[in-house]
Amino acid sequence: MSGGHATGPGAQGAGTPPGELGARVMGWADELAGATETPGALTVTFCSEAHAAAAGTLLGWMRDSGFDEAHIDPVGNVVGRYRAGRAGARQLLTGSHYDTVRDGGRYDGRLGILAPMAAVGELSRRGERLAHDVVVIGFSDEEGVRFGSTFLGSSAVVGRFDRRLLERRDGSGVSMREAMLAAGLSPERIGEAAMSATDTIGYVEIHIEQGPVLLERRLALGAVTAINGAVRLMIELHGESGHAGTTPMPVRHDAACAAAELVLQVEARCAGVPGLVGTCGILETPGGSVNVIPGRCRVSVDVRAPDDAVRDAALADIRAGLEAIAARRGVRFDVERILEAGATAVDPALKALWLDVIRELGQPPFELASGAGHDAICLAGFCPMAMLFVRCGNGGVSHSPDETMTAEDADLAARAFLAYVRHTSRREEGR
């Protein structure tokens with residue numbers, strides 16, 4: 001068999017009624033949320049019992065949905081393959097992560113596994129084969145909560161797993177190697193999780209937006225233009241402690257006041273530039289006391305943008321502003337750069353195809369950048385990559401039990417993926 005059109009038994013039958021794929025996705029998400037380390041809150045960290053339970057559940061659903069092959073690889077990724085209707089076909093990769101933050105939401109990451117699963121189930125039900133394989137991957141660790149091992153699962157798939165991580169220990173002193181062995185995984189066989197870039201058309205990821213942009217515009221779907229690059233700084237300001245009652249205001253060297261100025265400067269510098277965001281999430285006065293002028297203050301700065309030049313220009317201005325604040329207030333400062341990640345561009349052709357699919361579904365085409373990191377970052381250096389964002393409700397809140405989405409939007413996500421793979425199949429036929 002070959003081609004992007006339906007072939008095989010039942011291929012000409014009626015499609016699944018509107019809403020049914022979405023209901024399936026939402027039901028799966030609810031059931032998957034039952035596997036948790038903390039009753040009453042959704043927490044699934046790498047190699048926990050809840051992690052193994054979630055992986056086993058996904059594996060069973062893949063098999064029930066008609067995947068030709070499904071397995072858990074040596075690093076805990078759940079991998080399902082729906083084979084093409086011809087030999088020697090290439091593969092289209094999709095997926096997202098099934099681990100969570102502590103007390104997280106049930107759609108972050110998991111929508112990108114469940115919506116393609118529902119779409120493959122529809123292909124299988126209709127006996128429809130494509131001109132390429134569809135590979136759905138539930139990545140084992142994207143959040144990095146337990147070991148600080150961000151993109152652990154996806155780095156193994158692209159053959160860039162850092163084996164030094166195996167010696168990293170969690171808060172209880174358990175090494176990653178020990179945790180993997182206890183969970184029945186195979187740290188010595190991680191290399192077997194790697195896939196072939198030569199045989200890969202690309203990687204596409206469906207994800208809830210984790211923000212309010214689509215919601216505020218009353219749009220269900222959006223094509224991602226880029227994943228923001230980020231720089232994180234930890235700044236320590238050194239002033240002079242003094243008695244809160246006896247030190248006159250004009251002669252103080254208050255580290256906390258300097259930090260407060262810095263926080264407002266970050267806000268002002270980033271507020272007027274589209275796509276640029278700045279956050280000071282840590283503000284501490286170590287050893288502070290209610291009646292002592294703070295002589296020391298720590299403040300974090302996180303600046304992100306879809307363009308590295310825009311991000312770096314903001315950082316330069318923030319640094320200049322910090323120097324001016326310090327000179328005026330008579331304080332010193334130290335800056336530690338704790339993270340730097342470049343912006344990740346999506347493949348223009350794969351993104352354009354998402355826009356075509358959005359139009360086909362009767363939705364207005366819309367593009368937006370991603371402010372959060374995704375497994376797609378790891379895949380982007382391996383093969384062409386693109387992402388589809390799906391609206392989330394409740395103000396766009398994510399990484400929270402208050403994270404929501406509708407069954408109607410879940411249905412659109414699954415149908416969008418179904419339309420997408422039919423398009424890529426037709427393109428493969430023309431190669």
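The lining of the second largest pocket has 9 nonpolar, 8 polar and 3 charged residues. In this classification Ala, Val, Leu, Ile, Met, Phe, Trp, Tyr, Cys and Pro are nonpolar, Asp, Glu, Lys and Arg are charged, and the others, Gly among them, are polar. This is a predicted model, where local features need pLDDT of at least 70, side-chain atom pairs need pLDDT 80 or more, and totals for chains, interfaces and linings use all residues. Numbering starts from 1 along each chain as its sequence is written, and side-chain values use heavy atoms, with hydrogens and water left out.

**Pockets**

The second largest pocket holds about 440 Å³ of space. It has 20 lining residues, and Asn-228, Val-277, Ser-370, Gly-371 and Ala-372 are the closest to its centre. Strands E9 (277–279), E12 (296–305) and E15 (367–370) each supply at least two lining residues. E15 gives the most, with 3 residues. Helices (H or I, at least four residues) and strands (E, at least two) are DSSP runs, numbered from the N terminus.

The largest pocket contains about 690 Å³ of space. Its lining counts 29 residues, and Thr-150, Phe-151, Arg-232, Leu-339 and Gly-373 lie nearest the centre. Two or more lining residues come from each of helix H4 (152–157), strand E7 (229–238) and strand E13 (332–341). By class, this lining has 8 nonpolar, 13 polar and 8 charged residues.

A pocket is an open set of points on a 1 Å grid over the protein atoms alone, where a 1.4 Å probe fits, with protein on both sides within 12 Å along at least five of seven lines; lining residues have an atom within 4 Å of a point. Points are joined across faces, edges and corners, and a volume is the space filled by probe spheres set on them.

**Helix packing**

Three helix pairs are tabulated below; axes are lines fitted to C-alpha atoms over the stretch in contact, and angles run from 0 to 180 degrees between N-to-C directions.

| Helix pair | Angle | Axis distance |
|---|---|---|
| H1 (20–32) and H2 (49–64) | about 150° | 11 Å |
| H1 and H3 (111–126) | about 135° | 9 Å |
| H3 and H11 | roughly 60° | within 8 Å |

The angle makes H1 roughly antiparallel to H2. H1 and H3 are oblique to each other, and so are H3 and H11. The cut-offs are under 35 degrees for roughly parallel, over 145 for roughly antiparallel, 65 to 115 for roughly perpendicular, and oblique for the rest.

H1 passes H2 in a right-handed crossing. The crossing of H1 and H3 is right-handed, as is that of H3 and H11. Right-handed means that the near helix is turned clockwise from the far one by less than a right angle.

Contact means heavy atoms within 4.5 Å. Between H1 and H2, contact is made by Trp-28, Glu-31 and Leu-32 of H1 and by Ala-54, Thr-57, Leu-58 and Trp-61 of H2. These divide into 5 nonpolar, 1 polar and 1 charged.

Towards H3, H1 uses Leu-21, Arg-24, Val-25, Trp-28 and Ala-29. Their partners in H3 include Leu-111, Leu-114 and Met-117. This contact has 9 nonpolar, no polar and 2 charged residues.

H3 meets H11 through residues including Ala-119, Leu-123 and Arg-126. On the H11 side, Phe-417, Leu-418 and Arg-422 are among them.

**Backbone**

Gln-210 has a positive phi near 65° and is not a glycine. Gln-210 sits in the loop between strand E5 (200–208) and helix H6 (213–216). Asn-394, also not a glycine, has a positive phi of about 55°. Its loop runs between strand E16 (385–390) and helix H11 (407–429).
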